[in-house]
Amino acid sequence: MKTNFFLSIIISFFCFSTIAQESNQKNVLLIIVDDLRPALPTYGATQVVAPNITSFAKDAVQFNNAFVNIPTCGASRASILTGIRPTREYYKKYYTSIDEDMPQAITISELLQAKGYTTISNGKVSHNKSDKASAWDDLWRPGSTTPKDYVLEENIESSKLPHKNNHMPYEKADVEDLAYKDGKIAAKTIRDLKKLKANKESFFLVAGFLKPHLPFNAPAKYWEMYDRNKITPPINNKFPTTAYEGAGNWYELARYKGVQEGSSDNPALNAKTFTMDAEMTTNLIHGYYACVSYIDQQIGNVLQALDNLDLSDNTVVIITSDHGFSLSDHNRWSKHNLFKVENHVPLFVRVPGLSNSGKSDSFVEMIDLYPTICDLLGLEKPDQLEGRSLVENIKDPNLISRTNAFSRYTNGDMYISDNYAYSEWKYSEDGKIVGRMLYDMKNDPLQMENLSHLAEYETLMDSLSNNLKSKKIY
């Protein structure tokens with residue numbers, strides 16, 4: 001009943017535009033990859049094998065400065081789907097539910113469904129499958145023998161034990177792509193494209209791929225694309241000595257086997273004191289790269305199907321992620337914090353007849369995707385949207401329309417630009433700041449030296465702190 005009420009509001013207040021009523025209205029294919037930092041050749045990660053995304057980028061606009069608004073799965077996805085910025089009151093956790101935090105919000109799928117689009121969610125789109133479920137004409141996730149999607153018997157058996165250092169953080173198995181969930185997600189998406197084409201339906205189709213999220217499981221052939229002897233940790237693999245200690249806390253990988261000795265009900269680690277075995281470091285980076293190559297192939301399969309079905313010329317394609325991931329950067333193995341690498345994501349947009357290929361250095365926040373889709377489809381935008389449309393940047397990649405971005409996580413808030421990355425932590429809006437970090441992004445892009453303890457930067461930090469307040473992200 002609640003959903004029908006909201007849909008009636010949409011229909012009443014958002015009329016069909018001329019563009020949306022045309023028989024040749026554009027479709028949208030949105031691809032969200034979980035935990036994908038810009039570890040791609042087109043972003044300079046030449047050691048990574050990703051030929052399909054590389055080829056796609058040649059016909060798309062690549063945004064070099066795209067940032068999530070919160071580096072954790074559920075909250076980030078809720079923010080993307082509603083175009084609403086996370087705050088201390090809502091969109092806070094990895095298990096965030098739009099239905100619970102913002103039930104009055106109109107998701108992009110609700111809006112397009114009300115406009116006559118067939119809406120399909122495959123894989124991990126919202127963190128919670130049931131979230132705004134009625135907004136999807138088809139809501140599908142693949143099954144698996146284990147929650148962690150292992151295929152090797154020894155890993156399947158260990159996954160049945162409590163998640164206290166019993167589960168392997170990676171798996172290399174001599175299996176076909178369809179053995180893992182992401183192969184199934186690609187296959188389902190291709191089947192959907194065929195049906196949509198046959199039925200001549202306009203669509204909003206979202207494919208949410210799971211890897212390279214932990215555990216780093218991928219078919220052996222993708223592992224074998226890499227020479228492990230050439231895999232090395234990043235040069236910024238030490239936690240900055242003067243950095244805020246709270247920025248060093250991480251826990252996700254700590255729960256996996258071989259990462260630390262023993263087990264604990266509270267396995268949180270701190271990057272200031274943690275050490276990891278060199279072989280495990282190599283295995284994990286190798287596994288992450290293998291997963292990226294595996295997902296690249298699944299994306300390539302979907303894009304090839306789009307071409308084969310003659311749908312590419314009428315379909316907007318967006319490829320992005322819900323947040324980044326530290327691969328021992330700052331001695332962390334996680335997202336869930338305010339370093340650049342955990343908030344920086346790849347973003348590609350290809351719009352038939354509109355986008356010129358190129359790389360844009362204009363800053364982007366993920367809340368910008370919703371208004372961008374609305375403008376590309378000629379739909380009036382809901383008042384709730386807090387982002388900016390990227391259409392002008394798609395038309396002209398050289399245009400710089402934004403010079404900074406904002407993100408937040410728990411008690412911390414971040415401002416980032418070409419010049420500086422500033423973050424601060426406080427327990428309430430009026431509370432005392434308990435920690436700060438400031439990095440000179442021109443001279444220290446890998447954020448190896450925190451400057452916040454130096455008196456000469458006090459005025460600058462106070463100014464950047466006011467910028468955070470102006471965004472009302474508290």
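The model is predicted: local features need pLDDT of at least 70 and side-chain atom pairs count only at pLDDT 80 or more, while totals for chains, interfaces and linings use all residues. Residues are numbered from 1 along each chain as its sequence is written, and side-chain values use heavy atoms, without hydrogens and water.

**Strand E6**
- On one side of E6, Phe203, Leu205, Ala207 and Phe209 are buried, and on the other Phe204, Val206 and Gly208 are buried.
- Strands here are DSSP E runs of at least two residues, numbered from the N terminus, and two of them pair if DSSP finds at least two bridges between them.
- E6 pairs with strand E1 (residues 27–33) in the parallel sense over six bridges; Val28 has Phe204 as its bridge partner in E6.
- E6 also pairs with strand E3 (residues 118–123), in the parallel sense over six bridges; Asn122 has Ala207 as its bridge partner in E6.

**Largest pocket**
- A pocket is an open set of points on a 1 Å grid over the protein atoms alone where a 1.4 Å probe fits, with protein on both sides within 12 Å along at least five of seven lines; lining residues have an atom within 4 Å of a point.
- The largest pocket holds about 870 Å³ of space, a volume being the space filled by probe spheres set on the points.
- Its lining has 29 residues, and Arg37, Pro38, Ala45, Asp329 and Leu446 are the closest to the centre.

Methods
Buried means under 20% relative accessible area, exposed over 50%, partly exposed in between (1.4 Å probe, protein chains only). Helices (H or I, at least four residues) and strands (E, at least two) are DSSP runs, numbered from the N terminus.
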